[in-house]
Amino acid sequence: MQVSAEYGLLLASVLFTLGLIGVLVRRNIIFMLVCVEIMLNAAGLAFIVAGSKWTQADGQVMFIFILTMAAAEVSVGLALILQIYHQLKTLDGDAANSMKG
Amino acid sequence: MEFSNINIVDVLPGIFLVTASVLAMLSIAIKRNHIFIFVVTTTSLMGVFLYLIFYASNHKFNVEPLFVIDGFGTFVTGLIVMSALAVSLLSYAYFEQREERKEEYYILLLLATLGSDILVISKHFVSFFLGLEILSISLYAMVAYLRKRNKSDEAGLKYLILAAFSSAFLLFGMALVYSASGSMDFSGIASYVASNPTLPLPLFAGMCLLVVGIGFKLGVVPFHMWAPDVYEGAPAPVAAFIASISKGGMIVLLVRFFDQINGFQYPVLVLAFACIAVASMFIGNILAIQQTNVKRILAYSSIAHMGYIFVAFLAGGELGKEAVSFYLVAYFLTIIGTFGVIAILSDHDRDAELLDDYKGLFWRHPKIAMVMTAMLLSLAGIPLTAGFVGKFYLITSGANAQLWWLVIVLVVSSVIGLYYYIRIIAMMFEKMEGTDELALHPRLYLINLITLVVISVLIIFYGVYPQGLIDRIRDFLY
């Protein structure tokens, strides 16, 4: 069955919005990180849809780059979260907000 | 996509930086030696700079499909490499007296420089994305490098979440532009844009998301809220790196992208950028007045400076590029110098970031106070400093493109900005009274002092005699 590119992009934007809401609403740092991952993967999905629309491999190439980058980022992020947990004994985003930004 | 005729010499700067960072990593595995890694870092940066002067400055070529190595790119790459060199010179003493494991910092520094270098020469979404992420991911670790400080971790995590957040915006924007135009190459997008004088919806949505993502990376209003916290929490040399090299790479990419796809034909986008510029200039300067922390003041000041650069960016054309190049030189020198002063005054436990730390500095350390004064005057744009000539250049390019509103806002907000720069200077010349328990006792290192003196001499020199630098920029651009 052929699914048109618009539907794919629509699905990607719904996922993206869900992730966006999650980052803004969630206060647990790990969940914020998870929601950012959802946003990144939504962008990856959009790339795959766009690639298949133009029947080019570029979209999938980009998706693999996004996966790689997300993995690198999560590894740094989790290391920082561990460090913060050691210091504050909590993962509440508001507790880790001593500088009022 | 096919890679044909890649001359290995053409991509030498990247290879140089990667080799140096791998070498540094391997040498840590064998034996930790701060001086050795420091020497590897500085030599490789010098090597890249010499390559740029002797080879790249008279070669213009494309590395299809990812990179374009033109005069503009070469000039800014040289600037980035020299700034990275200055930052690493300032870092040596700073990290020597703090962290036990300070060697990895230089690997991250080299990689971040590489990322910024890729950004300024990219002409394709893939290289744009890769350069940006190499830069950002190295910076997360650099911001949180001093693990024992709470603020440092907090700043690192904030930077990570917001940078990943903005990368998601950028990527989604890229995907939408790609799905509309069928090309990730800037020139491919340009030909699609040229055949669509009215902005089609997917392209419009994609461009909006790109603007949001780029806005976050540059820290312009209304996407600026991360900047003060990250500057405050990051070690002083890293804050200098973020304020100069990471933002500069992004600005150059924005100029190149917009220039190539001719985004100026869409009034909506121009209006959006003009609003961002006005908001950044005003809000940056006004919020800076209320701060008592020098690092936060500098964060807001760099928000305002990004707004100033946007004036030349919106003016576009060759004069706009010249103005952006000149302003970047002046701004890089100044902001690195200012953070260098903060680094030199910092003690083991914390950075010298409060206004009170600068009270009576002139009577305690006259040399450093003079350097700091020169930096602050240049940031404020007082005549006889590079900052003044840079601002003059921006105004000229803005007036040339008849962006009167932006030029007026630039002038007015610079006047507002004068207040907080002068306040720090007044603080430094205040007479010390009572005990100096607040006074920090820095261990002065010769290498930092020499770097700072060179930077301030350059600032004054380019302020008194800008023609040499202007001619140099024109040589590169045309």
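Going along the sequence, chain A runs α-α-α, where a helix is a DSSP run of H or I with at least four residues, numbered from the N terminus. Because its radius of gyration (taken over C-alpha atoms) is 17 Å, well over the 13 Å that the globule rule gives for 101 residues, chain A is more spread out than a compact globule. That rule is 2.2 Å times the number of residues to the power 0.38. This is a predicted model, in which local features need pLDDT of at least 70 and side-chain atom pairs count only at pLDDT 80 or more, while totals for chains, interfaces and linings use all residues. Residues are numbered from 1 along each chain as its sequence is written, with chains lettered from A and ligands numbered from 1 in the order in which they are written.

Over in chain B, helix α2 covers residues 34–54. Its buried residues include I37(B), F38(B), V40(B) and T41(B). Down the axis of α2(B), the buried residues fall within an arc of 165° (from the directions of the C-beta atoms off the helix axis), so they line one face of the helix. I35(B), V39(B), L50(B), I53(B) and F54(B), on the other side of α2(B), are exposed.

Conventions. Helices (H or I, at least four residues) and strands (E, at least two) are DSSP runs, numbered from the N terminus. The expected span of a helix is 1.5 Å times one less than its number of residues. A residue is buried if 20 or more other C-beta atoms lie within 10 Å of its own, exposed if 12 or fewer, and partly exposed in between; C-beta atoms are placed from the backbone.
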